[in-house]
Amino acid sequence: MTGGIDTAKLDWEANAPRSIFFGDIYFSGDGVEESRHVFIGGNDLVRRFAAARRFTIGELGFGTGLNILVAWDLWRRTEKPNGARLDFLSFEKFPLAGTDLARAHGNWPALSGLSAALIRQYPPAATGIHRLQLDRDVTLTLAFGDAIDMLQRMEAGVDAWFLDGFAPAKNPEMWSPDVFAEIARLSAPGATAATFTVAGAVRRALGAAGFEIEKRSGYGRKREMLTARRKQAGSTSKPAPWFANENLTTLPPGAPVAIIGGGVAGASLAHELWNAGLAPIIIDPDGIAAGASGNPAGLIMPRIDAGDDAAARFSRAAYFHALRTIAALEAQSGERIFNPCGVLLHASSADERERQAKIVAARQLPEDWIEARADGLFFPQAGVVDPVRYCQLLAGDAPLIAHKTLSVSTAADGVLVTFQDRGPVRADAVILANGADTLRFAAARTLPLTRVMGQIDFFPEAAPPAIAHVFGPYAAPAPAGGLVIGATYEPVGQAVAPYTTIAASAENIRAVSSALEDLAATLSSDAARPRASIRCQTPDRLPVAGPAPDWNFFGDAYDDLRFGVKRDYPRGCVVPGVHLLTGLGSRGLVTAPLAAAAMVAEMTGALSPLEREIAEALHPARFFIRDLRRAKRILSK
Ligand code: SAM
């Protein structure tokens, strides 16, 4: 599976789209009444929305997004319990091109406000999960790719299914027993399903998946349709036992959550917690974006390699998500914090050029998102963000406690954060998001985090290049003017505070001269405004994001792994109320928003924006488990 996928090829009859490939229509009539009859009525959503605190809709076949617009419109008009939230999860193999989507939406002027919000965030045609924030209380998680493949990658507790693939006779794949087995796995207790078809194969497959079926009168010329209710509870989870977070509790609406760290990790968490209806409090003695997130320029670009493993898929999804987040922040604030100048990733050797050619051939990104040039790969949508404003906008109105945390402890009623010079803060949960300083707390102590000092040099008066260049280090036009080059890379011990040197400025200029000789010739270290900070890096270059493992439990429960013992291991336990987001390395501006969204979804029991395998690849216990397994190999030598 690779990144870029085919968009839907359509015929238009008036303004109604028809799939050329499947030879079938997306909706009949103007679509709205049909959608209300089959999917809203079939799942009894008018009544169920009114009682919902949290509701998840799963859809097979996103198509034009009409069903989602109709359900979202109903949700908006429904009087619901305070803090109620709606998550959509919709699967689509051949996404409509943006222009086709907009044309179809032209059919529904009454839904134009919602449609505009969806179109604004509509993701590129790339495989994977795209998380959109439609309203503060409504998310849309679009899973682009073949339904069966993507269903298998997800965890969810769906309350109502919209089964809207094309007709079973024209698209049997979408209605296969394997698909229904996944529907059963991803169903919440009492889940319902509705579909326009009464085909025998669909009825049998729904029955086999534990649903009780009822025929109802169909819409328009269709005599009948199906509704179904699942009798058994779903069995949603398939994680490796150590990543199961067995005793994780979910936070109620309005719960206060303390975030230690005011960098991009903490600010992204504040943003997501606020979206989720919780009350974030940021704690950082130096304020927002004072550390590694405080440079005058930061690159927003994909980290791309030829493979398509969990790391590559996370990186791609995080890139799209960061761009969407920035666009939303710009739209809300009316401020410009991002220069979409594009980024050129230089290829300086034949090997590098060959690697880049493989990446392009593997279609890791949609065609218009990556361009092979003579001197490297160009990413047209990438660019340079103002990191400080980015973090400030993410942090929003979250209260800031500008004091140094002394300790974090758990109690029966939540967590207590103490300080030397002010009274303690009580919260329902705490997230350690303070880079390598997380190592000061027991919850993070055993994590293999490395402190890496990096110096950048800012030339406020220099004429910057029109685009950003990456050649190992980078040279980028700062959004507020001037040029930023860097960064140096120096692993340092726990006691070292960041400091700048003239030698490091010279090193940065030298690096520029290897790729951009003319630009380097205009720079001298005397004119540089150097800035050094500490990044926090993990061995696998992925963030640490998730609940803090209960290390005592892990030590006892999984020690056998070092002897290669295969048995039914218990599900992993976490420290109630304590979470970690750290190890973002030099890519936090890109990865923090998605990692934060995933963590907050987990903390509130909402739908995860990550494939299970990716969530496991970010889990704080991964190094512990890997080390035990590695020990097994050493012992058996
Ligand atoms: N619900 C849509 C709407 O509101 O516009 C209409 C969906 S249309 C009838 C069926 C959709 O299923 C198409 O967009 C098609 O590309 C998608 N589809 C077909 N086969 C698929 C598969 N194997 N996996 C995922 N999506 C598939």
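Predicted model: local features only at pLDDT ≥ 70, side-chain atom pairs only at ≥ 80, totals over all residues.
The ligand is surrounded by 23 residues, and the protein covers 98% of the 590 Å² of accessible area that the ligand has on its own. Among the sheets there is an open one of eight strands with mixed pairing, and another open one of three strands with antiparallel pairing.

**The ligand and its shell**

- Of the 23 residues that surround the ligand, the closest are Gly61, Thr64, Glu92, Asp164 and Asn171.
- The shell around the ligand is made up of nine nonpolar, eight polar and six charged residues.
- Asp164 places a polar side-chain atom 2.7 Å from a nitrogen atom of the ligand, and Asn171 has a polar side-chain atom 2.8 Å from a nitrogen atom of the ligand.
- Glu59 also brings a polar side-chain atom to a nitrogen atom of the ligand, here at 3.1 Å.

**The eight-stranded sheet**

- The strands of this open sheet follow one another in the order E6-E7-E5-E4-E8-E9-E11-E10, and their pairing is mixed.
- Its edges are formed by strand E6 (128-135) and strand E10 (211-217), each of which pairs on one side only, while the twist from one strand to the next averages 20°.
- Within the sheet, strand E8 (residues 158-163) and strand E9 (residues 187-195) run parallel and are joined by five bridges, and Leu163 stands opposite Thr195 in E9.
- Helix H8 (residues 200-208) packs on this sheet, where it touches E8, E9, E10 and strand E11 (224-230), and the direction of the helix makes about 145° with that of E10.

**The three-stranded sheet**

- This open sheet has the strand order E21-E22-E23 with antiparallel pairing, and its edge strands, E21 (405-411) and E23 (425-427), each pair on one side only.
- Neighbouring strands of the sheet are turned by 20° against each other on average, with direction ignored.
- Strand E22 (residues 414-419) pairs with E23 in the antiparallel sense over three bridges, and the bridge partner of Val415 in E23 is Ala427.

**Two backbone details in loops**

- As background to both details, most residues other than glycine have a negative phi, and most peptide bonds are trans.
- Ala14 has a positive phi of about 55° although it is not a glycine, and Ala14 is found in the loop between strand E1 (10-13) and strand E2 (16-19).
- The peptide bond that leads from Gly486 to Ala487 is cis, with omega near 0°, and Ala487 lies in the loop between strand E28 (483-486) and strand E29 (490-492).

Notes. Residues numbered from 1 in each chain as written. Heavy atoms only, no water. Near = heavy atom within 4 Å. Polar contact = N/O pair within 3.5 Å; in protein donor to acceptor, adjacent residues only side chain to side chain. Areas by Shrake-Rupley, 256 points an atom, 1.4 Å probe, with all protein chains shown as cover. Nonpolar A, V, L, I, M, F, W, Y, C, P; charged D, E, K, R; others polar. Pairing = 2+ DSSP bridges. Helix = DSSP H or I, 4+ residues; strand = E, 2+ residues; numbered from the N terminus. Axes fitted to C-alpha atoms, helices over the stretch in contact; angles between N-to-C directions. Contact = heavy atoms within 4.5 Å.
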